[in-house]
Amino acid sequence: IVRPRMYACKIIRELTGMIYQDIGDLFGLDHASIVHAVKSVNNDLDVMPKYKSYYTELRAIVESTDTYQNSRLAKKSVISDIRREVFNALMHKDLNHLNKILKIIR
């Protein structure tokens with residue numbers, strides 16, 4: 001029960017940007033417990049490949065749900081990804097990649 005809840009806290013934090021206290025309120029926990037949960041998951045991901053696979057799978061399941069796909073969060077995430085791609089293309093002076101991005105978003 002504890003570890004899956006920790007992973008849920010990290011996924012919620014990453015996908016929504018909610019503050020720790022608000023996430024804690026969802027689970028009946030305090031701010032410090034959520035900070036600890038996210039740090040613990042980060043440590044798991046760095047140290048144990050099995051847990052990284054588990055985390056990636058869980059996050060993919062959440063991101064593939066209709067609820068997430070139809071949310072403003074998903075749209076905001078796509079926009080953020082595009083901004084990052086454009087920035088990287090500009091920084092690396094990769095005009096071919098930049099042109100591909102621009103064709104996609106038109």
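Among contacts in the protein chain between residues at least 6 apart in sequence, 47% join residues at least 24 apart. Contact here means heavy atoms within 4.5 Å. This is a predicted model, in which local features need pLDDT of at least 70 and side-chain atom pairs count only at pLDDT 80 or more, while totals for chains, interfaces and linings use all residues. Residues are numbered from 1 along each chain as its sequence is written, and side-chain values use heavy atoms, with hydrogens and water left out.

Start with the overall fold. The protein chain holds 7 helices and 0 strands. From the N terminus on, its elements run α-α-α-α-α-α-α. Helices (H or I, at least four residues) and strands (E, at least two) are DSSP runs, numbered from the N terminus. The chain has 106 residues, and buried ones make up 22% of them. Buried means under 20% relative accessible area, exposed means over 50%, and partly exposed lies in between (1.4 Å probe, protein chains only).

Now take α1. This helix has 15 residues. From its first C-alpha to its last it reaches 21 Å, close to the 21 Å expected at 1.5 Å a residue. The expected span is 1.5 Å times one less than the number of residues. Its buried residues are Met-6, Tyr-7, Cys-9, Lys-10, Ile-11 and Leu-15. Gly-17 follows α1, with a positive phi near 75°.

Not counting residues up to four places away in sequence, Lys-10 touches Val-38, Val-41, Asn-42, Leu-45 and Tyr-55.

What does the side chain of Lys-10 meet in a salt bridge? The partner is Glu-14, at 2.8 Å, N to O. A salt bridge is a side-chain nitrogen of Lys or Arg within 4 Å of a carboxyl oxygen of Asp or Glu. Side chains of opposite charge can pair when their charged atoms come close. Glu-14 and Lys-10 are 4 residues apart in helix α1, so about one helical turn separates them. Lys-10 is buried, whereas Glu-14 is partly exposed, with a relative accessible area of 35%.

Glu-14 has a further partner. It forms a salt bridge with Arg-59, the closest N and O atoms being 2.3 Å apart. That pair links distant parts of the chain: Glu-14 sits in helix α1 and Arg-59 in helix α4, 45 residues apart. Arg-59 is partly exposed, with a relative accessible area of 21%.

Follow Arg-59 onward to Glu-63. These two form a salt bridge, with their closest N and O atoms 3.3 Å apart. Both are in helix α4, 4 residues apart, so about one helical turn lies between them. Glu-63 counts as partly exposed, at 24% relative accessibility. The structure holds 4 salt bridges.

Next comes the largest pocket. Its volume is about 200 Å³. On a 1 Å grid over the protein atoms alone, a pocket is an open set of points where a 1.4 Å probe fits, with protein on both sides within 12 Å along at least five of seven lines; lining residues have an atom within 4 Å of a point. Grid points are joined across faces, edges and corners, and a volume is the space filled by probe spheres set on the points.

Which residues lie nearest the centre of the largest pocket? They are Ile-12, Leu-15, Thr-16, Val-62 and Tyr-68, from a lining of 14 residues. Helices α1 (2-16), α4 (49-64) and α5 (66-69) each supply at least two residues of that lining. The largest share, 7 residues, comes from α1. By class, the lining has 10 nonpolar, 4 polar and no charged residues. Ala, Val, Leu, Ile, Met, Phe, Trp, Tyr, Cys and Pro count as nonpolar, Asp, Glu, Lys and Arg as charged, and the others, Gly among them, as polar.

Last, look at a loop. Asp-30 is placed between α2 (20-27) and α3 (31-47). It is partly exposed, with a relative accessible area of 41%. Asp-30 and Tyr-20 are 10 residues apart along the chain, and their C-alpha atoms are separated by 8.1 Å.
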